[in-house]
Number of protein chains: 2
Amino acid sequence: METTTLPVISRSPITNKEYPLPVNADDKKGIDSFIALHPGKKVVIVQGLGFVGSVMGLVVANALTEEYAVIGIDLPSASSFWKICSINEGVFPVLASDPKISQYYQRALQKKNYYATYDNYAFSQADVIIVDINLDVKKQSSFNDDVEDYHVDLAPFKKAINSIGQNCKPDVLVLVETTVPPGTSQKIVKPLLEENLQQRGLPVAELKVGHSYERVMPGPKYIDSIQNFYRVFAGTDDKSSDAIEKFLRTVIRTDEYPLTKLGNTNATEMAKVLENSFRAMNIAFMVEWSRFAEEAGVDIYEVVNAIRMRPTHKNIMLPGLGVGGYCLTKDPLLASWAKMNLFGSEGRLHESERGVHINDKMPLYAFEYLQSQYKDPLQGKKVLLLGVSYLNDVGDTRYTPVEGFYDCLETERAEIALHDPHVLYWEEKDVWVNRDLQELLQTDYDFIIITTGHKEYRNNAELIARLLQKPAAFIYDTIGVLTNEEIKALAAKHTVKVIGRGDL
Amino acid sequence: METTTLPVISRSPITNKEYPLPVNADDKKGIDSFIALHPGKKVVIVQGLGFVGSVMGLVVANALTEEYAVIGIDLPSASSFWKICSINEGVFPVLASDPKISQYYQRALQKKNYYATYDNYAFSQADVIIVDINLDVKKQSSFNDDVEDYHVDLAPFKKAINSIGQNCKPDVLVLVETTVPPGTSQKIVKPLLEENLQQRGLPVAELKVGHSYERVMPGPKYIDSIQNFYRVFAGTDDKSSDAIEKFLRTVIRTDEYPLTKLGNTNATEMAKVLENSFRAMNIAFMVEWSRFAEEAGVDIYEVVNAIRMRPTHKNIMLPGLGVGGYCLTKDPLLASWAKMNLFGSEGRLHESERGVHINDKMPLYAFEYLQSQYKDPLQGKKVLLLGVSYLNDVGDTRYTPVEGFYDCLETERAEIALHDPHVLYWEEKDVWVNRDLQELLQTDYDFIIITTGHKEYRNNAELIARLLQKPAAFIYDTIGVLTNEEIKALAAKHTVKVIGRGDL
């Protein structure tokens, strides 16, 4: 799908509707008439309409103790413009199993207090600006072979901050929610905004900047993971932290989930990446143990469940195909980068980088294990992958570990069919995904491989019965979804292998 | 204290009483008359009277649904013989803050059902033998410089198993509680016992062998950590696992804490070392983050406490002086050794070995940080160390990280005074410890260093006031015991440094 010309349309993967990209970025009229609908209300802008920003906008539009006029802003690009149009046309741009998403969106539609735009003019009208844009890490090699060879490009982030500084009021509150390298609010965001204000001949004394990270979990508790959960925040100075606290109290159930105020924004920024690094490390730690279990004839799932009986060990992780999603795959690297580049340290965060490295290699291991168990070439073999999302019961393919595994199969020229109950279209690979398992199972496969732990594949007696009617295949559970009884039943006909389970 | 002659006495560190070592190992008369007191009762032997075995003996002597005659057995050596004598003389050989220890011991004294001996003849009388001896790992270099250079010596463990096999009944149940390299029960204990029985012309068909690990926490819940806690077990065959289950149900509150039965003893052995490796890794992971916090002017304790608000992140660890105790310092190495030596794997458990390596180096880092902050030579400086135990509020100096730190100070020829409310005598260093902080504080020190997080050093306004009366000193909190308010107060007079806290 490479093209040398710029895209001119943006297509909604939800409605399939196509939107021509705007030729100029002028939406002043739209913004002004939206604001005119809400006299006396504070204007809150959410910058970035992705998995966090679009839903954060919903939450602010349904604030608890104050009525806000909410504007979501994103770039008029092929990947974002449809979201802007969709919000304004009455179709929320995120599919989620949480029923509150649609409740909140319907309420916002009734109140007409959630507008979306691409025009930076909006910033000039804002009392509060919440920054929810991405800040990416680019890994240079496939499967992150060189643990130290990654690149943090702050340019798009800085550009977004500049677009605020070039337009905002001098007393605006800019609240960064993006996961950033520790030090960013203090050393990058605040100076950039001040520089812009000074260039515009405006005072900087009343500017307020701080950081508070979300802990969004897309899925059945999407809204609650923002509104009904613990929050950590800090300002770059006292007036900023006071303003943030006041704002968050209007939006979040702070009575049940008290706010945690930290000493400075370096601390909140570090807390976020440390949280995710901790989880990434706990997964990486399990990788070598699941190999050991295979060698020792031990069922690692049984072992981990026994260990989880201890309250202090409840969060020990299970093995699997790999680690995906937007956070765990990059946050430790953001931290290590910041240590060296924003604080001038000579030492990297070696262990945290290694954790990412180990996790990134997991799909490769899963593939090599398959090859070690099935010696014939894979060329032309029919393979069914069950699940492309990185997370159980959610349709999110960002940095899914299934991608690396899929790439390996493609390189060997296997014929791959894809199933996922939550994914229609796999954006990163530009392929369609079938949601109808019954239909897929009319074909015979050489390999049936469970690659995501969706509930459709768990304790599904019908699925097991159906598989037992199929010709002998190689069934490979990379997640540990199959029970010992199911494995025993399937093994009567098929070859069955499970990562982390010694042959039972 | 090196000597070329064998020791002839064993001294109790509790009563200071000295016991001449027995010239031969004959205690048949004592054993027989003890058993004669308990006709019809099953005889349970606990092999090894250390921190686990001596208290496990107490728990079995106070079993819930059956009356046992319990014999503790250990070697007639300088370090163990006094424990044998002490148990028989009415002084329990373990000091602990748990009041149940003394209640249980008093009950056993009244029932006269807990006897101790050094004579292997006892094994011939046993229905159940619980193995609670040590299995050590020797690290070859100071601070574990070479991560792969350690040595697992199974000889003493095998010798102890042989002493059982040479004496036991052919239908005995041998329950290993020792933390062993995964594979040990199946590949070492069972074959050794069978070999011995065969050499004695006895059948092996009724021998029962299995593994169930304790999760003892010396401290205020010592007994409960054995009797009122989740247990994992497996037998080397079905009759063994049935026998173990039946026995454990008589001893442990399995109604409240259901037993977890695993598929084989490799799995239970792996579960134990994995539990401890998980914890060791979580500590090691925090090491580099506490350095980063220092560089970024962040208080890592504040950050970690914010993260702990998440139920999934409750067990993220705080930084400190290092990792001590008998388990976390060696269990990951036992596992890696077993992977290579009992299962013939080519790969080590690299990450788990690295975790131990990082933790072992922590006291060295703490010392280097001290040197970096205090440039003058330490020779002749007066240093007070607050705490020598490895664990808060417990007197346990086994593999305490204070030792490495103490060694560094000694190498620099500092003058060291030691305080610990729970330690009278530091066995590994052969030095006495002062339990009277008031008395110690009559001296002036150049350095006052908090090395264990005992509650005596926490929120102790009197201690802070007393320190403020002293001449200016370098106060160094390696644990994070001091609050920000205390640091601020102390900093008015002293230099105050805390590991993991950027200067506040």
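How many bridges join strand β3 (residues 42–47) of chain A to β4(A), and in which sense do they run, parallel or antiparallel? There are 6 bridges between these strands, which run parallel. This is a predicted model, in which local features need pLDDT of at least 70, side-chain atom pairs count only at pLDDT 80 or more, and totals for chains, interfaces and linings use all residues. Residues are numbered from 1 along each chain as its sequence is written, and chains are lettered from A and ligands numbered from 1 in the order in which they are written. Helices (H or I, at least four residues) and strands (E, at least two) are DSSP runs, numbered from the N terminus.

**Relation of the two chains**

- The same surface serves both copies, since 100% of the contact residues of chain B recur in chain A.

**Interface**

- In the pairing of the chains, 46 residues of chain B are in contact with 46 residues of chain A, where contact means that the C-beta atoms, placed from the backbone, lie within 7 Å.
- On the side of chain B that touches chain A, at least two residues each come from α9 (265–296), α10 (300–307) and α12 (350–373) of chain B.
- α9(B) gives the largest share of that side, with 17 residues.
- By class, the side of chain B that touches chain A holds 24 nonpolar, 13 polar and 9 charged residues; Ala, Val, Leu, Ile, Met, Phe, Trp, Tyr, Cys and Pro count as nonpolar, Asp, Glu, Lys and Arg as charged, and the others, Gly among them, as polar.

**Domains of chain A**

- Chain A is assigned domain 1 (28–263) and domain 2 (374–498), with bounds from an automatic or database domain assignment.
- The centres of domain 1 of chain A and domain 2 of chain A, taken over C-alpha atoms, are 38 Å apart.
- Between these domains, 5 residues of domain 1 of chain A are in contact with 5 residues of domain 2 of chain A.
- The side of domain 1 of chain A that touches domain 2 of chain A has 3 nonpolar, 2 polar and no charged residues.

**Sheet of chain B**

- An open sheet of 8 strands has the order β5-β4-β3-β6-β9-β10-β11-β12 (chain B), with mixed pairing; two strands pair if DSSP finds at least two bridges between them.
- β5 (114–117) and β12 (260–261) of chain B are the edge strands, each pairing on one side only.
- Strand β6 (residues 128–131) of chain B runs parallel to strand β9 (residues 173–176) of chain B, joined by 4 bridges, and B:I130 stands opposite B:L175 in β9(B).

**Strand β4 of chain A**

- Strand β4 (residues 68–73) of chain A has 6 of its 6 residues buried, so it is largely enclosed by the rest of the structure; buried means 20 or more other C-beta atoms within 10 Å of a residue's own, exposed means 12 or fewer, and partly exposed lies in between, with C-beta atoms placed from the backbone.
- A:Y68, A:V70 and A:G72 lie on one side of β4(A) and A:A69, A:I71 and A:I73 on the other, and all are buried.
- A:I45 has A:I71 as its bridge partner in β4(A).
- The chain passes from β3(A) through helix α2 (residues 53–61) of chain A to β4(A) in a right-handed β-α-β crossover; right-handed means that, with the strands pointing away from the viewer, the path from the first strand over the helix to the second runs clockwise.
- β4(A) also pairs in the parallel sense with strand β5 (residues 114–117) of chain A over 4 bridges, and A:I73 stands opposite A:T117 in β5(A).

**Strand β10 of chain A**

- In strand β10 (residues 208–213) of chain A, 6 of 6 residues are buried.
- Strand β9 (residues 173–176) of chain A runs parallel to β10(A) with 4 bridges, whereas strand β11 (residues 232–235) of chain A runs antiparallel to β10(A), also with 4 bridges.

**Exposed loop residue**

- A:N16 has a positive phi of about 70° although it is not a glycine, and lies in the loop between β1 (9–11) and β2 (18–20) of chain A.
- A:N16 is exposed, with 10 other C-beta atoms within 10 Å.

Conventions. Two residues are in contact if their C-beta atoms, placed from the backbone, lie within 7 Å.
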